[in-house]
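Dear colleague,

I am passing on the structure we spoke about, and below it you will find my notes on what came out of the analysis. Please read them with the structure open beside you.

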Amino acid sequence: MARAAPAGAARTRLQLQIPAMDCMVEEGQIRRLLQPLPGIGRLRFDLPARRLDVDAPAAAQAAILSVLTGAGFQVQVLDAGHAPTDRPGAATSALPASGCGCHGHDDDGHGHGHGHAHAHPAPAHHDHHHNHDGAHRHGEAVAPAQSTLPLDAAAIARRDRRAWQQALAALVIAAGAELLHLLAPETLPWRAAGMAVAALAIGLSGLAVFAKGLRALRHGRLDISALMSVAVTGAFLIGQWPEAAMVMALYTLAELIEARSVTRARQAIQGLLDLAPPQAEVRQSDGRWLTQPAASVARGARVRVRPGERLALDGRVVAGRSAVDQSPVTGESIPVDKTVGDEVWAGTINQQGTLEFEVGCAADETVLARIVQVVKDAQSRQAPIQRFIDRFAARYTPAVFVLALGVALGGPLLAGLSPLQAVYKALVLLVIACPCALVLSTPVTVVSALAAAARRGILVKGGEFLEQARHLRCVALDKTGTLTTGRPQLVGVATDAAPVLAIARALAARSDHPVSRAIAQGLAARGGATAPPVDIEVEDFRAEPGRGVEGRVGGRLWRLGQLGW
């Protein structure tokens, strides 16, 4: 557990680029390195981008960099100046409730919400580059932010594509080494050719693994990469070069598959942000309306949204009436009527009339942005089972290494094996007993589950709560005593007057509102109309957003809508 920082210590969020942090193994190592440091708060890992955000006192930044570089990680400081927006024991509401969605409230201080999910809003990812003094540099491993730009999505995609191409090529070449070993004659030229082919396969697929393994061994750690490096090197040296090449190629391919699953899960979460358009139509000081990036719109600005458009920001309606589809944010299946004074949220869809609203918060503080952040934070927190697996692997891996060493040394003495046979069996033990499947599958499962739930509108605050779901025996749904399918139905009619029902059906058939469609279909099914709607001429038809529809039939004005209207 992290030790508390001195009272009153200024806290900042240190954003780091760590190129070698490409899987859950490095994430676990970095957690174990940083969490014991005084004052370390939340660690936010973004494995696809190889980035890490550390909430810590400003005075601890030098120690953080020293620990990471001392463990062999290359570190680039991207940002060391912005303050964290959250604090221990506090959270802001991630879901719209009473009051403006841009204003949050504290939870109970134990990390549990009061009946709904909470998010810790994070600031926008700035790409400002700062000069850092010598305290932020420890040898050549720490590069100043301005010298190397952080990896962008295109660079990451190119690097991953190249890694996949190399891994698949290594697998094909390793298969060729196996064929040479089985079919080629046991002569020196063919044997040398087979070893060269196997070495090429290992070089294509295993350089990163060897680099990680050597770094771990150099710093006294025995992790998965160290086990694989020792096993593959030993197998090659005792003449089992085809197996060494195939094991390394398959292991690298498995790592890439694991990384792909994590990336897809995180990209699914990031896709939620695409629900909000990147631009908004903003009223200027001279009264003109101009389109500008949503990220640049200030709090208090006046934004206009037309029928059929998505809202780019949160705010409060100051002019207009409309029905807004809020299902992307709240899951509510029926459009909600909005008028002056009502709250609206980014990502929702304006259905009918034009709305003007006053922006209540920045683009990175909207309800939708905080929904995305709560899932990202949940993914960055370890579940209890994951913490157990990490502790287990930290003890299990050295034990396997010692056991393999015992087999190599004791095999000739206790089992009558030749030294070569004993070493071979020890290497097989290293590969078979490697806990990579256990260590990698647990976090991948948690991240994938959180992403799958979020895509279906279910927000889970972390793996801990995901695990607790197995204890559920009943579920309470705050839905006014019922569940809706999003398709309202006409269930009763208070009059038998056929002419009135015919006019109601004629008006309802001319509107695309879900309630109007339900009335038109319900009356048609009941046979309550004496004539099809098309046979009743409706003049001056008009939809009044949030109220209903109206039109003239036979020169008389008829309205179909709310009783208050």
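Helices in these notes are DSSP runs of H or I with at least four residues, numbered from the N terminus. In that numbering Leu182 belongs to helix α3, which spans residues 153–183. Please keep in mind throughout that this is a predicted model.

Leu182 is exposed, its relative accessible area being 65%, and together with Leu179 and Leu183 this residue makes a nonpolar surface patch of about 370 Å². Ala506, in helix α13 (residues 498–509), has 0% relative accessibility and therefore counts as buried, the cut-off being under 20%. Between Ala506 and Val538 there are 7.5 Å from C-alpha to C-alpha, although the two are 32 residues apart in sequence.

On helix packing, α4 (residues 188–218) and α5 (residues 224–237) pack at an angle of about 145°, with 8 Å between their axes, and α4 passes α5 in a left-handed crossing. The contact draws on residues of α4 including Met195, Ile202, Phe210 and Leu217, and on residues of α5 including Met228, Val232 and Phe236.

Turning to charged pairs, the count comes to 10 salt bridges, taking a side-chain nitrogen of Lys or Arg within 4 Å of a carboxyl oxygen of Asp or Glu. Those that I would like to describe are these:

- Glu281 forms a salt bridge with Arg306, with the closest N and O atoms 3.2 Å apart. Because Glu281 lies in strand β8 (residues 279–283) and Arg306 in the loop between β10 and β11, the pair ties together parts that are 25 residues apart in sequence. Glu281 is buried, at a relative accessible area of 15%, whereas Arg306 is partly exposed at 36%.
- Arg302 and Glu356 meet through their side chains in a salt bridge of 2.8 Å, N to O. This pair links distant parts of the chain, with Arg302 in strand β10 and Glu356 in strand β16 (residues 355–359), 54 residues apart. Arg302 is partly exposed, with a relative accessible area of 28%, while Glu356 is buried at 16%.
- Asp286 and Arg288 also meet in a salt bridge, at 2.6 Å from N to O. Asp286 is partly exposed, with a relative accessible area of 48%, and Arg288 likewise counts as partly exposed, at 45% relative accessibility.
- Arg542, Glu544, Glu550 and Arg559 are linked in a network of salt bridges.

Key: Residues numbered from 1 in each chain as written. Predicted model: local features only at pLDDT ≥ 70, side-chain atom pairs only at ≥ 80, totals over all residues. Heavy atoms only, no water. Patch = residues over 30% accessible without salt bridge, like charges linked within 9 Å, V, L, I, M, F, W, Y side chains within 5 Å. Areas by Shrake-Rupley, 256 points an atom, 1.4 Å probe, with all protein chains shown as cover. Helix = DSSP H or I, 4+ residues; strand = E, 2+ residues; numbered from the N terminus. Buried < 20%, exposed > 50% of the residue type's maximum accessible area, 1.4 Å probe, protein only. Axes fitted to C-alpha atoms, helices over the stretch in contact; angles between N-to-C directions. Left-handed = near helix turned anticlockwise from the far one by under 90°. Contact = heavy atoms within 4.5 Å.
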